[in-house]
Amino acid sequence: MAYQAGGQRSVPRPVPERPEAEAYLRDYSTLVEAVPFPSVIVDHRWDVVLANAAFASLFRGVGPHPTAMPDDNLLRFVLFHPDASTVLGEHESSWCLPMLAHFAAALERHGHDHGLQAIRREIAQDPIMEAAYRQGLPHWIRAVGERAVALDGAVRPLLHPDPRWGATDCRVVDETPRTLQEMGYTRLTLVLREVRRDRSRARGARRGPAHLRVVPTPED
């Protein structure tokens, strides 16, 4: 796990880099931990390299899963964890579809990556998600525009387990410095907004696998 429980600060996973790069990550983890909002660094597979305590707190209520824990792989969590919709509001349209679009782009750039290929096979095992990926996703991107799948600047709903936040929105901010970018990493911070009292925690919350109802299954 990228974040060690018990109040300790985040510790980056070992990376196959030169010693100065690993030292940079260790120092950078201090900066990430100082941020009051959920902040995470991922690689091109969306494997979590390090995350802060606020990130761990956001997902503290999700149940165990063998391959889709949020502090292991954020992409797998969004797509495959049955509890994803209890944290990610409007899960299908605001989180799952954009993440499928990012996955498609990553697969185009790193087509031979074994980790990405494993995710692709898992998508293919779910007929509805496979239909969404192959037919629904291109249609959705054309309908909403390329900006809708962008990470930096996107405002997306969250269902925070801390009642001080509750049902709120976050702005996704890409804070990747050049050094991290050269390592193949991306840093994302979810800047939480103040709670809007007119919202219900139930908005978008639906336990169970992501079935992508917003993308109709194409007719034969």
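This is a predicted model: local features need pLDDT of at least 70, side-chain atom pairs count only at pLDDT 80 or more; totals for chains, interfaces and linings use all residues.
1. F59 and F77 are both buried. F59 sits in the loop between α2 (53-58) and α3 (74-80), while F77 belongs to helix α3, so the pair ties together parts that are 18 residues apart in sequence.

2. Ring pairs join F55, F59 and F77 into a cluster. Over the whole structure, a search returns five aromatic pairs.

3. Another of the pairs is F103 with Y133. F103 is buried, and Y133 is buried too. Their geometry is tilted: the centres lie 5.8 Å apart and the planes make 55°. This pair links distant parts of the chain, 30 residues apart. F103 lies in helix α4 (residues 91-109) and Y133 in helix α6 (residues 127-144).

4. What lies over the face of W95? It is R156, at 5.5 Å from the ring centre.

5. S94 is a residue of helix α4. Is S94 buried or exposed? Its relative accessibility is 12%, below the 20% cut-off, so S94 counts as buried. Leaving out residues up to four places away in sequence, S94 touches G89, R156 and P157.

6. Now the sheet. It is open and has five strands, in the order β2-β1-β5-β4-β3, with antiparallel pairing. The edges are β2 (48-51) and β3 (155-159). Each edge strand has a single partner, so one side of each is left without a neighbour in the sheet. From one strand to the next, the twist averages 30°.

7. Inside the sheet, take β1 and β5. Strand β1 (residues 39-42) pairs with strand β5 (residues 186-192) over four bridges, in the antiparallel sense.

8. Helix α1 (residues 19-34) touches β1, β2 and β5. The direction of α1 makes about 50° with that of β2. Helix α4 packs on the sheet as well, touching β3 and β4 (167-174). The direction of α4 makes about 120° with that of β3.

Terms used
Residues are numbered from 1 along each chain as its sequence is written. Side-chain values use heavy atoms; hydrogens and water are left out. Rings of Phe, Tyr and Trp (its six-membered ring) pair if their centres lie within 6.5 Å; planes under 30 degrees apart count as stacked, over 60 as edge-to-face and the rest as tilted. Helices (H or I, at least four residues) and strands (E, at least two) are DSSP runs, numbered from the N terminus. Buried means under 20% relative accessible area, exposed over 50%, partly exposed in between (1.4 Å probe, protein chains only). A charge sits over a ring if NZ of Lys or CZ of Arg is within 6 Å of the ring centre and within 35 degrees of the ring normal. Contact means heavy atoms within 4.5 Å. Two strands pair if DSSP finds at least two bridges between them. Axes are lines fitted to C-alpha atoms, for helices over the stretch in contact, and angles run from 0 to 180 degrees between N-to-C directions.
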